[in-house]
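Please look over the sequence and the model below before reading on. The report that follows goes from the chain as a whole to single residues.

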Amino acid sequence: MRWVAVVPIVLAFALLAPSPALAAPPDYYPPIQYVPAARGNYDVGRTEPIRAIVIHETDGTWLSATNWFQNPRSRVSAHYLVRAWDGGIMQFVAEGDTAYQARAANPWSIGIEHEYDPRHAIPHTNAQYRSSALLVCAIAKRYGIPTDRAHIIGHNEVPGTDHSDPGPTWNWNYYMSLVNACSWQQRAQPVARARVRTVADQGYVPSAGLEFDNISDEVLLLQWDLAYLGFMDSGEVAGGGSRYGPLTEEALTAFQVAHVLPQTGSYDDITASALVQAVLAAPADVPLQDLDLEAENDDVARLQTALQQLGYMDTVTGYYGDITLDAVSSFQQDNGIYATGTYGAITRMALAARMHPTTVASEPVTEEFDIRVGFVAFGILPY
């Protein structure tokens, strides 16, 4: 009798239980704890392919968000929640199911909530940013989602939304630099580690031939060159995903106007030559040669001095050891550069731009006019 009585209970639980999360996510996913949302707070399955990731803020504690998602009357959920203090990740809805998180975007997006509650002194933390970035990179890899701001969007950017999260304290530049770093790490190694193609004998300017919508290290080097010269914003370059988009085209056109070149917005041979001359005319106080582990010379000391001034190192020794490697890696990750720990062309120009920040030229100028004037607030746009 006891066994017979248990059967209906087990069957009833099976009927009422929510659909399970993916039993074995790919091994490149970060650690995740699964706590199912109430069954009435999501739809089973999808009506459209997954093509975007939506970033949310809870405006409340981790516990309150968890309770809300498990409340069958709330009609609200998210696929994931990232804790503030340690970056712990909890999953409430399977990626293959439709969470109630962003209205019109629900069918084609995955929603990630981030614990944030200024009323109880719970800010966004470095651990939370890094953990969330790893999750975003894993999701993007799984579904082929580009890791740019056109596909990683805020709740406040969803068409037709009435929400304002994430608010002004969410650091998009830093977050996207982390996403860019981990997405590079997930690309094929021969591509990710290929040497940057530069103009002959000029290891700080990329070779000509870059085109709109290209995504490459050469594009990132071009962007840092333009940032150093004052035509792009360094913070936006760090989070731009190495893509040759509208902002890069606009900045390159402004550079061409300033140097009396054909205004094509394309990076051709004549523009590359002019870029070399512009950088040579404004030499950066950073080492010009590439540096790696076990190097020991004055250039290493100069690199360490620059990193020290930016807060990445404490001492200057002139020896490129593990401490210098870690400092360079941290600088690279914070600036959207593939974190090898070695000092090369992209890191050189990013360091130069960060050491001597310039404002972005707001109007066309001639060669005789100082290009480092004015400011344009580009906002959050794809490159």
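## The chain as a whole

Two residues are said to be in contact when heavy atoms of theirs lie within 4.5 Å. The structure is a predicted model, in which local features need pLDDT of at least 70 and side-chain atom pairs count only at pLDDT 80 or more, while totals for chains, interfaces and linings use all residues. Residues are numbered from 1 along each chain as its sequence is written, and side-chain values use heavy atoms, with hydrogens and water left out.

The protein has twelve helices and ten strands, where helices (H or I, at least four residues) and strands (E, at least two) are DSSP runs numbered from the N terminus. Of its 383 residues, 52% count as buried; buried means under 20% relative accessible area, exposed means over 50%, and partly exposed lies in between, with a 1.4 Å probe and protein chains only. Helix α12, which covers residues 345-355, is mostly covered, since ten of its eleven residues are buried, including I346, M349 and L351.

## Aromatic rings

Rings of Phe, Tyr and Trp (for Trp, its six-membered ring) are taken as a pair if their centres lie within 6.5 Å, and a pair counts as stacked when the planes are under 30 degrees apart, as edge-to-face when they are over 60, and as tilted for the rest. With this rule, eleven aromatic pairs are counted. Why is the pair of Y312 and F331 edge-to-face? The ring centres of Y312 and F331 are 5.6 Å apart and the planes stand at 85 degrees, so this pair is edge-to-face. The pair links distant parts of the chain, for Y312 is in the loop between α10 (298-309) and α11 (322-334), whereas F331 is in helix α11, and 19 residues separate them. Y312 is partly exposed because its relative accessibility is 26%, while F331 is buried because its relative accessibility is 1%.

One aromatic cluster is formed by Y129, W170, W172, Y174 and Y175. Within this group, W172 is found in helix α4 and is buried, with a relative accessible area of 10%. W172 and I153 are 19 residues apart in sequence, and their C-alpha atoms are 9.8 Å apart in space.

## Charges over rings

A charge is said to sit over a ring if NZ of Lys or CZ of Arg is within 6 Å of the ring centre and within 35 degrees of the ring normal. R149 lies over the face of W172, at 3.6 Å from the ring centre. The charged end of R83 likewise sits over the ring of W62, at 4.5 Å from its centre.

## Backbone details in loops

The peptide bond that runs from D165 to P166 is cis, and its omega is near -5 degrees. P166 has its place in the loop between β8 (152-154) and α4 (172-185).

Which residue in the loop between α8 (246-258) and α9 (269-281) deserves a look? The residue is V260, whose phi is near 55 degrees, a positive value in a residue other than glycine. V260 is exposed because its relative accessibility is 64%. E294, in the loop between α9 and α10, also has a positive phi, of about 75 degrees, although it is not a glycine. At 63% relative accessibility, E294 counts as exposed.

N106 lies in the loop between β6 (98-99) and β7 (109-114), and it is buried, with a relative accessible area of 10%. If residues up to four places away in sequence are not counted, N106 touches R46, T98, A99, Y100 and Q101.

## The second largest pocket

Rolling a probe the size of a water molecule over the atoms shows where empty space is left. On a 1 Å grid over the protein atoms alone, probed at 1.4 Å, a pocket is an open set of points with protein on both sides within 12 Å along at least five of seven lines, and lining residues have an atom within 4 Å of a point. Grid points are joined across faces, edges and corners, and a volume is the space filled by probe spheres set on the points.

The second largest pocket holds about 430 Å³ of space. Of the 22 residues that line this pocket, the closest to its centre are E57, T58, V76, E113 and H163. The elements that give two or more residues to the lining are β3 (52-57) and α2 (62-69), and the largest share, four residues, comes from α2.
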